[in-house]
Amino acid sequence: MDRPDIDASTRALIEPFNKKSLEITDSTSFTDDLEFDSLTVMDFVAAIEDEFDIIISMNQQAEIETYGQLVDAVVKLLG
Amino acid sequence: MTDLFSKFDDIIEMRRALLATGVEDPFNLVMERVLSPTVAICNGRETILLGTYNYMGMTFDPDVIAAGKEALDLFGSGTTGSRVLNGTYVGHREVEQALKDFYAMEHAMVFSTGYQANLGIISTIAGKGDYIVLDIDSHASIWDGCKLGDAEVVPFRHNDIEAMEKRLKRIPEGAGKLVILEGVYSMMGDIAPLREMVGIAKANGAMVLVDEAHSMGFIGPNGRGVAEDQGVLDQVDFVIGTFSKSVGTVGGFCVSNHPKFEVLRLVCRPYVFTASLPPSVVATAATSIRKLMHVHNKRQHLWENSRKLHAGIMALGFTLGTATPQSAIIAVIMPDLERGATMWEALLHEGLYVNLARPPATPANMTLLRCSLCAEHTADQVERIIGIFERAGKSAGII
């Protein structure tokens, strides 16, 4: 799976959590723009993990602030 | 200069706004006199205590108090040293033996608090490159232990067996795995499906740590906790517990059958770099633990209290954290912090103390009035408590 495919799947997964229907760009911030709280983060990460069959540990999540960084991280985890 | 305290501004404002409503400060209560495990003088009023972790009412047990006084006379007020230097007295060995007997396990290690037990054991056994899989509603001491140890931390939705299993199966081959669960989750008072979860953890090659802080003494045939009650204690690698709840004093511990367990006394920093418990504390703890092996009637009465209070408060129309009573904790869910604080104050004015639990300590940002029962609460006290909830609930406009 290449980056555009991963981007498309991730974009679909974020929709139920995008309460304010923001336009998602690579620089969209999960805390500042999407206003995710810790429980939302857990549910969203679980959705991503289940889709791609990967683990994104909390240590790795701490490095991910924006949508673009998330897609990059998934690309990297899928090797 | 950047004020390092500016990060607390939201909390300062939340507290200011709450107190501006004129409510009595829920986080500044003073117990002026304690008359028994269930009654104290709080802010000048005689008050029924329904928000302590004194589940078995051991704090005023005559044998426990006598043991503490004797140890004060014989060994002095404190050890002034670490367990691994000058801080291991005969009493520390005796309380560890009492724990080994209580749990029928090979090893027991006593810490100065329950918080330190989780902090120390978790951070020491799960280090960089290891994976910790844990419930999202885990206690702060568990989270802090994860952070201190630098392992990869993978949480799953509360009590979700399938979510836990999926995460375990995705951990890279060969990595060390620790699953952390609690017997009773103290905010809602619900128990974990340990039979299924522990089985799955072991099948996936993980070690299992279960925090039984809120179950010791009254859950399970021998009071060893939820893992014993569900028949999986023999598969649990580490049980964490505390002296500050059913045992009735302060301190924390880990019991285990791991053959190399004793090495932790040398490598566990929250054990090594802190003063050991005072002799009077370990003497009261040892006496209390030994008595907790033979308290079947008290256990039964505590369960009667729990069932009666749960049914009574539910019948009044309150929303509770669990559909059935699962432990000695009954969580009453409040619509929001302001009305929760109003209700808490109304209860206090009627002579009843419960815990007001608020975000971020609570799951899903709920405000809870958390009631914890004691085996020493009489049936009459439980009746009065239900009456107080009815009057306070009506005056606060919750029911």
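How many residues of chain B are in contact with how many residues of chain A? In this predicted model, 12 residues of chain B touch 10 residues of chain A, where contact means that the C-beta atoms, placed from the backbone, lie within 7 Å. Local features here need pLDDT of at least 70 and side-chain atom pairs count only at pLDDT 80 or more, while totals for chains, interfaces and linings use all residues. Residues are numbered from 1 along each chain as its sequence is written, with chains lettered from A and ligands numbered from 1 in the order in which they are written.

**Where chain B meets chain A**

- On the chain B side, β6 (152–156) and α6 (161–170) each supply at least two residues; helices (H or I, at least four residues) and strands (E, at least two) are DSSP runs, numbered from the N terminus.
- That side of chain B splits into 7 nonpolar, no polar and 5 charged residues. For the classes, Ala, Val, Leu, Ile, Met, Phe, Trp, Tyr, Cys and Pro count as nonpolar, Asp, Glu, Lys and Arg as charged, and the others, Gly among them, as polar.

**A helix pair in chain A**

- Helix α1 (residues 3–14) of chain A packs with helix α4 (residues 67–77) of chain A at about 125 degrees, and their axes are 10 Å apart. Axes are lines fitted to C-alpha atoms, for helices over the stretch in contact, and angles run from 0 to 180 degrees between N-to-C directions.
- That angle makes α1(A) oblique to α4(A): under 35 degrees counts as roughly parallel, over 145 as roughly antiparallel, 65 to 115 as roughly perpendicular and the rest as oblique.
- The crossing of α1(A) past α4(A) is right-handed, meaning that the near helix is turned clockwise from the far one by less than a right angle, with anticlockwise being left-handed.
- From α1(A) come A:Arg3, A:Ile6, A:Asp7 and A:Thr10, which meet A:Leu70, A:Val71, A:Val74 and A:Val75 of α4(A).
- By class, this contact of α1(A) with α4(A) has 5 nonpolar, 1 polar and 2 charged residues.

**Two domains in chain B**

- Chain B divides into domain 1 (21–56 + 296–395) and domain 2 (60–293), with bounds from an automatic or database domain assignment.
- Taken over C-alpha atoms, the centres of domain 1 and domain 2 of chain B are 27 Å apart.
- Each domain of chain B puts 21 residues into the contact between them.
- On the domain 1 side that touches domain 2 of chain B, α12 and β14 each supply at least two residues. The largest share of that side, 3 residues, comes from β14(B).
- The domain 1 side that touches domain 2 of chain B has 13 nonpolar, 7 polar and 1 charged residues.

**Sheets in chain B**

- One open sheet has 4 strands in the order β13-β14-β17-β16 (chain B), with antiparallel pairing; strands pair if DSSP finds at least two bridges between them.
- β13 (319–320) and β16 (355–357) of chain B stand at the edges with a single partner strand each, so one side of each has no neighbour in the sheet.
- β13(B) pairs with β14 (residues 329–334) of chain B over 2 bridges in the antiparallel sense, and B:Leu320 stands opposite B:Val332 in β14(B).
- Helix α12 (residues 296–315) of chain B lies across β13, β14 and β17 (367–372) of chain B, at about 15 degrees to β14(B).
- Helix α13 (residues 337–349) of chain B also packs on the sheet, touching β14, β16 and β17 of chain B, and its direction makes about 35 degrees with that of β17(B).
- A second open sheet of 4 strands runs β1-β2-β3-β15 (chain B) with mixed pairing. Its edge strands are β1 (31–36) and β15 (352–353) of chain B, each pairing on one side only.
- β1(B) pairs with β2 (residues 39–42) of chain B in the antiparallel sense over 4 bridges, and B:Ser36 stands opposite B:Val39 in β2(B).

- Most residues other than glycine have a negative phi, and most peptide bonds are trans.
- B:Asn43 has a positive phi of about 45 degrees although it is not a glycine; B:Asn43 sits in the loop between β2 and β3 (45–49) of chain B.
- B:Pro359 and B:Pro360 are joined by a cis peptide bond, with omega about 5 degrees, and B:Pro360 lies in the loop between β16 and β17 of chain B.

Conventions: Contact = placed C-beta atoms within 7 Å.
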